Amino acid sequence: MSELRISATKENLNDVLMFIDNELEKLDCSMKIQMQIDLSIEEIFINIASYAYYPETGDVFINFESENDGSTVLISFTDNGVPYDPLEKDDPDITLTSEERQVGGLGIFLVKKNMDEVNYKYENGNNILTLKKKIR
Amino acid sequence: MLNINTEKNGNELTFKLSGRLDTVTAPELEAPVRNDLADVTSLTFDLAELEYISSAGLRVLLLAQKTMNKQGKMVVKNVSEEINEIFEVTGFSDILTVE
């Protein structure tokens, strides 16, 4: 199990992804799955950086663990900003033409599509979002 | 990190991207997409060396597509299997012309 506590700002995205990629490499994760995980991490982290503490900033606590001999990873994000469940957002209509499509709104949808499980809970003043992904 | 190699030939413009198109780097591509397409009728994105794209990058591609719908055509080429899968999941395969 590894943990990272970091200020939730966009500038720290690379540090967060380096932390995650480093863990995934230890587990011999394929590039394709690593990209799917990075993508999801980016969406969640940027969401927190943009909204959780706005207009101030605060920390996010990221926990990485693997189970079943490293075949599944569990990554959780904990912040004590405003309560916000990103999973409540409606999925975008991906059948629309480019003219009808909204620029944006794809982030959480991509997370749901790329992860095996996404769970949100609000507990003791904390937003806790957990991602689960089978990597082999 | 993102590298943008721009080639202009009359009304044809090509952006060759290498590296990562994410929340941090997408604004570097959004600027020329917003500012430099005025007389362009044929826009090409060459993604041969693009390693990663997130929703922030998809946003910029959609913005470019919307602009080109009004004034010409846009093509996305040399898409890796990983990135193509992202296009498919998001319905971008139907919106973009992928060659």
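Predicted model: local features only at pLDDT ≥ 70, side-chain atom pairs only at ≥ 80, totals over all residues.
I started with burial in chain A: of its 136 residues, 30% count as buried. My cut-off for buried is 20 or more other C-beta atoms within 10 Å of the residue's own; 12 or fewer makes it exposed, anything in between partly exposed, and C-beta atoms are placed from the backbone. Residues count from 1 along each chain as its sequence is written, and chains are lettered from A, ligands numbered from 1, in the order in which they are written.

**Chain A overall**

I counted 3 helices and 5 strands in chain A, and along the sequence they read β-α-α-β-β-α-β-β. Chain A has a radius of gyration of 15 Å, close to the 14 Å from the globule rule for 136 residues, so it is as compact as a globular protein of that length. (Helices are DSSP runs of H or I with at least four residues, strands are E runs of at least two, both numbered from the N terminus; the radius is taken over C-alpha atoms, and the rule is 2.2 Å times the number of residues to the power 0.38.) The C-alpha trace of chain A spans about 45 × 35 × 25 Å along its principal axes. I also checked contacts, meaning C-beta atoms, placed from the backbone, within 7 Å. Among those in chain A with a separation of 6 or more, 65% join residues 24 or more positions apart.

**A:Met115**

Next I looked up A:Met115, in the loop between H3 and strand E4 (117-123) of chain A. Is A:Met115 buried or exposed? A:Met115 is buried, with 21 other C-beta atoms within 10 Å. Leaving out residues up to four places away in sequence, A:Met115 touches A:Ser40, A:Leu131, A:Lys132 and A:Lys133. Its C-alpha atom is 7.4 Å from that of A:Ile37, 78 residues apart along the chain.

Most residues other than glycine have a negative phi, and most peptide bonds are trans. I found a cis peptide bond between A:Tyr54 and A:Pro55, with omega about 0 degrees. A:Pro55 sits in the loop between H2 and strand E2 (59-67) of chain A.

A:Asp69 is not a glycine, yet has a positive phi of about 55 degrees. I placed A:Asp69 in the loop between E2 and strand E3 (72-79) of chain A, and it is exposed, with 8 other C-beta atoms within 10 Å. In chain B, B:Asn78 also has a positive phi, near 55 degrees. B:Asn78 is in the loop between strand E4 (73-77) and helix H3 (81-89) of chain B and is partly exposed, with 16 other C-beta atoms within 10 Å.

**Strands in chain B**

E4(B) runs parallel to strand E3 (residues 42-53) of chain B, joined by 5 bridges; pairing takes at least two DSSP bridges. B:Ser42 stands opposite B:Lys73.

**Between the chains**

Last, I checked where the chains meet: 23 residues of chain A are in contact with 18 residues of chain B. H2(A) gives the largest share of chain A's side, 8 residues. By class, that side has 9 nonpolar, 6 polar and 8 charged residues. (Nonpolar is Ala, Val, Leu, Ile, Met, Phe, Trp, Tyr, Cys and Pro; charged is Asp, Glu, Lys and Arg; the others, Gly among them, are polar.)

Conventions:
Contact = placed C-beta atoms within 7 Å.
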